[in-house]
Amino acid sequence: QTVYAGNNLNQVMKIDLETGETIKEESPGGHGYILSHIAIGDNGLVYFSKFSAQDDSYIYAYDTNLNEKWRTQLGANWAIPPSIGYDGTIYTAGRGSKKLTALDPDTGLEKWSLALDDDFNTSPVIDANGTLYVVTKNFLYAIIPSETFGEIKWTFQLDGSGYPQPAIGENGTIYVLTGSGL
């Protein structure tokens, strides 16, 4: 019964859920902050990203005892927080890359990437069918992933003030808040 969290001291922490006490904390090194969500895969690995002004941002995979298993650098100063697909694939991006990247959950190696019109700032969301939804400044993308590539199913043009994380309603409706509303 543990929870994992990051902080602005560049640490990932393992916390006892019952007592709230820190069991262990580790720093992935370099500069930066671990201020985004942490995802835990079915394989027992803990995935997170960090923001750094020093151009050394990565996606990390740690085991449940906070031992590093791998790290993958994806972009300049910010790696988008990871989302985990139904097959375990890690979906993310590096700020400035203008592409969605699919990583192998056990090795961190790139499986495929898909160019988009602009960067995105929030994690992809995944519906019950495994379709990924990503919001850039200008578009909402619906992407069908496979083992070796991602295919754009459709795009919806936004008003140029996108970037928020989409939400999926109980009935499958996709919601995106933009400068002009939903």
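Some ground rules. Residues are numbered from 1 along each chain as its sequence is written, and side-chain values use heavy atoms, with hydrogens and water left out. Because the model is predicted, local features need pLDDT of at least 70 and side-chain atom pairs count only at pLDDT 80 or more, while totals for chains, interfaces and linings use all residues.

Let me start with the rings. Rings of Phe, Tyr and Trp (for Trp, its six-membered ring) pair if their centres lie within 6.5 Å; planes under 30 degrees apart are stacked, over 60 edge-to-face, and the rest tilted. How many aromatic pairs does this rule give? The count is eight.

Take Tyr 133 and Trp 154. Their ring centres are 6.1 Å apart and their planes stand at 50°, so this pair is tilted. Tyr 133 belongs to strand β13 (residues 132–135) and Trp 154 to strand β15 (residues 150–157), so the pair ties together parts 21 residues apart in sequence. Strands here are DSSP runs (E, at least two residues), and helices are runs of H or I, at least four residues; both are numbered from the N terminus.

Now, buried or exposed? Buried means under 20% relative accessible area, exposed means over 50%, and partly exposed is in between, with a 1.4 Å probe and protein chains only. Tyr 133 is buried, at 6%. Trp 154 is partly exposed, at 32%.

Next pair: Phe 139 and Tyr 141. This one is tilted too, at 6.0 Å centre to centre and 55° between the planes. Phe 139 is partly exposed at 22%. Tyr 141 is buried at 5%.

There is also a cluster. Ring pairs join Phe 48, Tyr 58, Tyr 60 and Tyr 62. What sits over the ring of Tyr 58? The charged end of Arg 71 does, 5.3 Å from the ring centre. For that call, NZ of Lys or CZ of Arg must be within 6 Å of the ring centre and within 35 degrees of the ring normal.

In general, side chains of opposite charge can pair when their charged atoms come close. The rule used here is a side-chain nitrogen of Lys or Arg within 4 Å of a carboxyl oxygen of Asp or Glu. That gives four salt bridges.

Arg 71 is in one of them. Its partner is Glu 68, with the closest N and O atoms 2.9 Å apart. Glu 68 is partly exposed, at 34%. Arg 71 is partly exposed as well, at 35%.

Next, Lys 111. Lys 111 meets Asp 87 in a salt bridge, 4.0 Å from N to O. Lys 111 is in strand β11 (residues 110–115) and Asp 87 is in the loop between β8 and β9 (90–92), so the pair ties together parts 24 residues apart. Asp 87 is partly exposed, at 47%.

Lys 111 also bridges to Glu 147, where the closest N and O atoms are 3.2 Å apart. Glu 147 sits in the loop between β14 (139–145) and β15, 36 residues from Lys 111. Together, Asp 87, Lys 111 and Glu 147 are linked in a network of salt bridges.

Three single residues now. Contact here means heavy atoms within 4.5 Å.

First up, Ile 80. Ile 80 is in the loop between β7 (68–73) and β8 (83–84). Ile 80 is buried, at 0%.

Then Thr 101. Thr 101 lies in strand β10 (residues 99–103). Thr 101 is buried, at 1%. Beyond residues up to four places away, the contacts of Thr 101 are Leu 74, Ile 90, Tyr 91, Thr 92, Glu 110, Trp 112 and Ser 113.

Last, Lys 69, in strand β7. Lys 69 is exposed, at 53%. With neighbours within four places set aside, Lys 69 contacts Leu 45, Ala 61, Tyr 62 and Asp 63. Tyr 62 takes us back to the ring cluster.
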